[in-house]
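This report goes through selected local features of one protein chain.

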Amino acid sequence: MRASRLHLPTLRDPPKDGDTVSHQLLVRGGYIRRVAAGIYSFLPLGVRVVERVKAIVREEMNRAGALEVFLPAVVPAELWQESGRWEKYGPELLRLKDRKNAEFCLGPTHEEVVVDLARKDVRSYRQLPLNFYQIQTKFRDEMRPRAGLMRGREFVMKDAYSFDATVAGAHASYRTMYDAYVRTFERMGLAFRPVEADTGAIGGSMSHEFQVLADSGEDALVACGACTYAANVEKCPSPAPARASLPGDAGPSAIVATPGAKTIDMVCAALGCTPRQMIKAVLYEADGQPVAAFVRGDREANEVKVKAHLGAGLVALADAAWFAKATGLPPGYVGPVAADGSGALGGNGGLGHGGGVRCVADAEVMALTTAVCGANEKQAHRQGVVPVRDCSGLTVADIRMAVPGDPCPQCGAALRGFRGIEVGHVFYLGQKYSQAMNATFVAEDGTEKPFEMGCYGIGVTRIVSAAIEQNHDERGICWPVGLAPYPVVVLPLAIDGPQAATAEAIEAALEARGIDVVRDDRDERPGVKFNDADLVGYPLHIVCGRKAQDGVVEVKIRRTGERFETPVAGLVDRVAAALAAARAGGPLHAAALQ
């Protein structure tokens with residue numbers, strides 16, 4: 001491909017809304033252009049990278065025995081109503097009506113559609129196991145789309161769905177997909193880690209996220225260096241310390257004025273305590289009801305754990321005005337001791353004069369000897385609180401966020417912290433959807449049974465951004481060979497003469513070997529060509545300079561910056577062998593190209 005015929009609108013400056021490196025480089029490198037918030041057009045280079053990702057995903061899905069289908073993007077509401085998700089999924093589900101006023105949604109995921117397909121076509125255990133997959137554009141109406149392709153509203157995803165006759169069979173299908181995902185991300189040349197994860201809106205009882213490791217990742221992970229355990233911090237269980245004993249000389253708690261002290265740091269400064277000595281209230285709205293979750297002042301509440309403990313469908317941080325109106329309590333001063341100081345606080349309300357507040361405390365709260373907390377009165381806190389005495393009626397559960405240094409749940413060694421970008425997720429669903437939608441088959445014993453299911457997603461376009469977050473430098477993108485739009489660029493330093501002729505011959509020879517290559521034939525200064533080559537991120541640069549007439553060119557490996565001269569004779573064979581080795585997930589080696 002000649003660069004003069006390739007739409008290559010590189011930019012010097014990043015976009016104003018480019019809040020991540022990958023977003024900036026995708027725009028500057030001529031890969032994408034913004035259409036609306038969270039919605040992008042893919043330019044020729046962008047399309048090629050997406051197709052690279054799709055090809056690897058498709059090959060590994062086929063290798064794992066999955067069967068490709070293509071399901072509708074517009075889904076009738078009645079299918080989602082059958083599963084119960086029409087009401088529960090939330091505002092991310094884009095709902096619409098046709099000219100007959102029938103309700104539909106743009107599918108953010110396709111459990112309902114594929115279950116409907118299976119219940120119509122699969123009648124016997126003899127037809128199982130089955131795994132259907134598709135690669136399709138999805139839409140989720142994110143409230144705050146950000147980070148370019150990382151958190152967009154419209155995106156490309158691979159979603160697969162397995163159907164089995166037994167739990168054991170479903171677990172085997174889950175493992176097959178897990179192994180396929182490992183191969184997929186290894187072939188893409190990505191550093192990743194599978195971690196235990198929450199099932200979220202998809203549901204089910206077991207799941208793993210596949211996280212690309214990157215300092216810019218929005219997901220916090222913990223992993224053990226002594227064993228194989230790894231998890232999203234939302235999923236990782238936290239240890240329960242022993243409850244404190246009741247001090248023999250403990251006096252009653254007392255309410256003190258703390259005007260304007262709404263934050264932990266402000267209260268600590270006013271009362272001379274530390275965050276570890278405080279009980280922090282995190283206020284939620286759970287299925288329309290007020291909830292107060294109490295954690296130690298230096299900890300973060302884990303919304304996923306709170307939701308699981310409550311058994312709630314929808315849980316979100318409460319609006320301060322709504323909480324105050326619903327409970328009569330001042331949001332900045334809520335505490336776990338009843339307003340009259342009696343400690344008569346149950347798990348289902350009774351907090352303050354508002355009442356009706358469901359309360360739960362983390363186990364660490366009950367390990368405090370004495371503490372400071374909100375007084376359930378404006379501008380006031382309570383000192384000298386003894387949790388085992390004053391908060392004895394609280395429901396206690398693991399509701400805090402795991403942190404590095406916590407003991408590993410499997411072996412007890414200290415956990416280490418990482419940042420990650422979720423690019424894949426596998427779920428064991430069991431009968432969650434098949435029961436709700438009456439999707440059954442005739443089992444070997446002649447009875448009707450619901451399918452045992454799993455579902456498996458890969459964020460195709462998110463991988464594009466995640467790969468850049470992990471593979472870039474100050475000059476631009478450093479694509480792994482398996483994902484690069486073109487693995488090779490040939491750079492003649494003159495547009496005619498021996499340099500141009502050599503470049504053209506190398507291009508033709510590489511293309512004859514099935515290698516995608518760009519020849520930069522533009523009438524531009526060498527510096528412009530070099531800068532664009534680095535920005536776009538071609539893994540291998542072949543520079544045809546003054547020695548081209550003597551049959552010698554310079555080769556540069558983009559990732560390492562290594563440069564060396566090498567004969568043109570045999571170069572194409574060496575390039576083909578080096579690229580083939582790198583496509584297995586390894587790096588390009590200079591020794592193989594010299």
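Leaving aside its neighbours within four places in sequence, which residues is Val256 in contact with?

## Val256 and its contacts

The model is predicted. In it, Val256 is in contact with Leu271, Gln379, Ala380, His381 and Gln383, once neighbours within four places in sequence are set aside. Val256 belongs to strand β13, which covers residues 254–257.

Strand β29 takes in residues 540–544, and five of its five residues are buried. In a regular strand, side chains alternate between the two faces of the sheet. In β29, one side carries Leu540, Ile542 and Cys544, and the other carries His541 and Val543. Both faces are covered, as the residues on each side are all buried.

Strand β29 pairs with two strands of opposite sense. With β27 (residues 488–492) the pairing is parallel and runs over five bridges; here Leu491 stands opposite Val543. With β30 (residues 552–557) the pairing is antiparallel and runs over four bridges.

## Helix α1

Helix α1 spans residues 21–28 and is mostly covered, with six of its eight residues buried. Those buried residues are Ser22, His23, Leu25, Leu26, Val27 and Arg28. An α-helix has 3.6 residues a turn, so residues three or four places apart point the same way.

Which elements cover the buried residues of α1? They include the strands β1 (32–36), β2 (39–42), β25 (472–473) and β26 (476–477), together with the helices α12 (460–470) and α14 (526–536). Just after α1, Gly30 adopts a positive phi of about 80°.

## Salt bridges

How many salt bridges does a search of the whole structure find? The search gives 44. One of them joins Arg2 to Asp521, with the closest N and O atoms 3.2 Å apart. Arg2 sits in the segment before α1 and Asp521 in the loop between β28 (517–519) and α14, so this pair ties together parts that are 519 residues apart in sequence. Arg2 has 34% relative accessibility and counts as partly exposed.

A second salt bridge is formed by the side chains of Arg276 and Asp298, at 3.8 Å from N to O. This pair links distant parts of the chain, 22 residues apart: Arg276 is in the loop between α7 (264–271) and β14 (279–286), and Asp298 is in the loop between β15 (289–296) and α8 (303–310). Asp298 also meets Arg296 in a salt bridge, with an N to O distance of 2.8 Å. Arg296 is buried, with a relative accessible area of 9%. Salt bridges with shared partners join Arg276, Arg296, Asp298, Arg299, Asp362, Glu364 and Arg400 into one network. Asp298, a member of this network, is partly exposed at a relative accessible area of 33%.

## Backbone geometry in loops

Most residues other than glycine have a negative phi, and most peptide bonds are trans. Some places in this model depart from that pattern. Asn101, which is not a glycine, has a positive phi of about 70°. Asn101 is located in the loop between β5 (95–97) and β6 (103–106).

Ala147 is another residue other than glycine with a positive phi, in this case near 60°. Ala147 is placed in the loop between β7 and β8 (154–164). Are these two residues buried or exposed? Asn101 counts as exposed because its relative accessibility is 52%, whereas Ala147, at 10%, counts as buried.

The peptide bond between Leu128 and Pro129 is cis, with omega at about 5°. Pro129 lies in the loop that runs between α5 (111–121) and β7 (130–139).

Key. Residues numbered from 1 in each chain as written. Heavy atoms only, no water. Buried < 20%, exposed > 50% of the residue type's maximum accessible area, 1.4 Å probe, protein only. Contact = heavy atoms within 4.5 Å. Pairing = 2+ DSSP bridges. Salt bridge = Lys/Arg side-chain N within 4 Å of Asp/Glu carboxyl O.
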